[in-house]
Amino acid sequence: MKYTSNAGFSHGQADKIGVVITNLGTPQAPTKDALKPYLKEFLSDPRVVEVPRLIWWFILNGVILNIRPKRSAKAYETVWSEQGSPLMVHTKAQAEALAKRCEREFGDDVVVDFAMRYGEPAVSKVIERMLSHGVRKLLVLPLYPQYSASTVGSTFDAIAADFQKRRWLPDFRFVSHYHDRPGYIKAVAETIRQHWEINGQAEKLIMSYHGVPRRYLDNGDPYHCECLKTSRLVAEELGLDNTRYMTTFQSRFGREEWLKPYTDETLKALPAEGIKSVQVVCPGFSSDCLETIEEIGEENRDYFMEAGGERYEYIPALNSEPAHISMLFELVKENLHGWQADSDVELRAQLAKKHGCPR
């Protein structure tokens with residue numbers, strides 16, 4: 001096997017520390033042609049769809065990719081802006097804000113970038129860029145507060161696949177979750193409080209998380225438990241008893257049972273139970289995206305109002321709010337503990353020349 005060398009590498013190069021935040025990904029445009037390769041990459045991941053590969057290949061290529069790209073493109077059109085998809089805009093802003101905090105703390109020893117698990121910028125391309133800049137110690141922080149094999153596990157798979165092809169591997173650290181971290185809980189609670197200060201409280205606070213098939217939980221995935229813990233801690237921070245909030249799961253796909261209760265069915269049923277006003281927040285999403293803006297902000301609002309609801313409000317994700325960036329920075333700082341960069345370029349160059357290393 002031919003192993004990849006780092007582009008632009010020299011033995012006299014100064015060592016850096018790299019920090020990469022990652023998110024799910026987004027198509028390049030809100031069009032059918034752009035959605036098809038994006039969905040194919042996403043839905044071909046065995047971490048996302050745990051179905052025998054041959055059976056799933058026929059379902060995906062024979063049915064789904066001939067129907068879903070057009071439907072998804074229409075949904076993306078409703079949330080697309082001049083800057084691009086919301087997920088791309090917010091993730092880029094998060095990386096830029098985190099880079100500024102790291103620069104103030106560490107100078108130019110720490111390099112910050114972002115990658116998408118599916119689509120661009122691809123994990124492998126960002127790792128290559130990091131290593132070409134002299135990164136010898138790499139921290140990866142997936143922006144999924146709760147661990148799931150289908151998100152965090154899949155991100156690790158992409159990194160491992162890249163590393164298997166490389167000649168020289170960096171020191172490596174990986175954050176698998178932060179669902180109960182005090183700074184994260186306080187940041188979520190604070191954004192809810194800020195919404196309450198302007199709009200008042202509704203009868204019920206719905207905390208909606210992206211769903212996964214129920215069998216993932218049965219097979220040992222901790223995602224469901226971590227979502228419930230996040231909701232409980234946020235409710236405690238807000239002083240809510242268990243009659244004032246609910247945890248639900250959205251975005252199910254296919255016919256099998258997913259984690260319950262389902263967000264859409266819950267919102268359709270609440271008005272008949274006497275709940276006429278709700279506020280919905282999505283603590284599992286670090287950035288607003290199609291699933292929060294269109295699915296929760298629009299589609300599920302319609303379900304609730306058509307069922308007899310009178311007041312429905314979506315509370316935005318943390319995005320690049322200062323409290324969120326501060327929490328991410330503290331998480332990064334904690335995970336960089338003990339790492340130091342060798343930034344003495346002149347000394348490295350002299351040593352490389354002295355010992356006959358090529359430049």
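This is a predicted model: local features need pLDDT of at least 70, side-chain atom pairs count only at pLDDT 80 or more; totals for chains, interfaces and linings use all residues.
**Entry 1: H6 and H8**

I began with helix H6, residues 182-199, and helix H8, residues 223-238. Their axes come within 9 Å and cross at roughly 55°. I noted the pair as oblique, because angles from 65 to 115 degrees would count as roughly perpendicular and those under 35 as roughly parallel. The crossing of H6 and H8 is right-handed.

I then listed who makes the contact. From H6 I have Tyr 184, Ile 185, Lys 186, Val 188, Ala 189, Ile 192, Arg 193 and Trp 196. From H8 I have Thr 230, Leu 233, Val 234, Glu 237 and Leu 238. Sorted by class, the contact of H6 with H8 holds nine nonpolar, one polar and three charged residues.

**Entry 2: H3 and H11**

Next I looked up helix H3 (residues 86-106) against helix H11 (residues 322-335). The axes are 10 Å apart and the packing angle is about 55°. H3 and H11 are therefore oblique to each other, and H3 passes H11 in a right-handed crossing.

On the H3 side I wrote down Gln 94, Ala 97, Leu 98, Arg 101, Cys 102, Glu 105 and Phe 106. They meet His 324, Ile 325, Ser 326, Leu 328, Phe 329, Glu 330, Val 332 and Lys 333 in H11. By class I get eight nonpolar, three polar and four charged residues for the contact of H3 with H11.

**Entry 3: Gln 250**

I found Gln 250 in strand S6, which covers residues 245-250. Is Gln 250 buried or exposed? Its relative accessibility is 2%, and the cut-off for buried is under 20%, so I put Gln 250 down as buried.

I checked what the side chain of Gln 250 touches. A polar contact of 2.6 Å joins it to the side chain of Ser 208. Another polar contact, at 3.3 Å, goes to the side chain of Ser 251. Setting aside neighbours within four places in sequence, I listed the contacts of Gln 250 as Ser 208, Tyr 209, His 210, Gly 211, Thr 263, Cys 282, Phe 285, Glu 291, Glu 295 and Ile 296.

**Entry 4: Asp 342**

Last, I looked for Asp 342 and found it in the loop between H11 and helix H12 (345-354).

Terms used: Residues are numbered from 1 along each chain as its sequence is written. Side-chain values use heavy atoms; hydrogens and water are left out. Axes are lines fitted to C-alpha atoms, for helices over the stretch in contact, and angles run from 0 to 180 degrees between N-to-C directions. Helices (H or I, at least four residues) and strands (E, at least two) are DSSP runs, numbered from the N terminus. Angles under 35 degrees count as roughly parallel, over 145 as roughly antiparallel, 65 to 115 as roughly perpendicular and the rest as oblique. A crossing is left-handed if the near helix is turned anticlockwise from the far one by less than a right angle, and right-handed if clockwise. Contact means heavy atoms within 4.5 Å. Ala, Val, Leu, Ile, Met, Phe, Trp, Tyr, Cys and Pro count as nonpolar, Asp, Glu, Lys and Arg as charged, and the others, Gly among them, as polar. Buried means under 20% relative accessible area, exposed over 50%, partly exposed in between (1.4 Å probe, protein chains only). A polar contact is a pair of N or O atoms within 3.5 Å; within protein, one must be able to donate a hydrogen and the other to accept it, and residues adjacent in sequence count only if both atoms are side-chain atoms.
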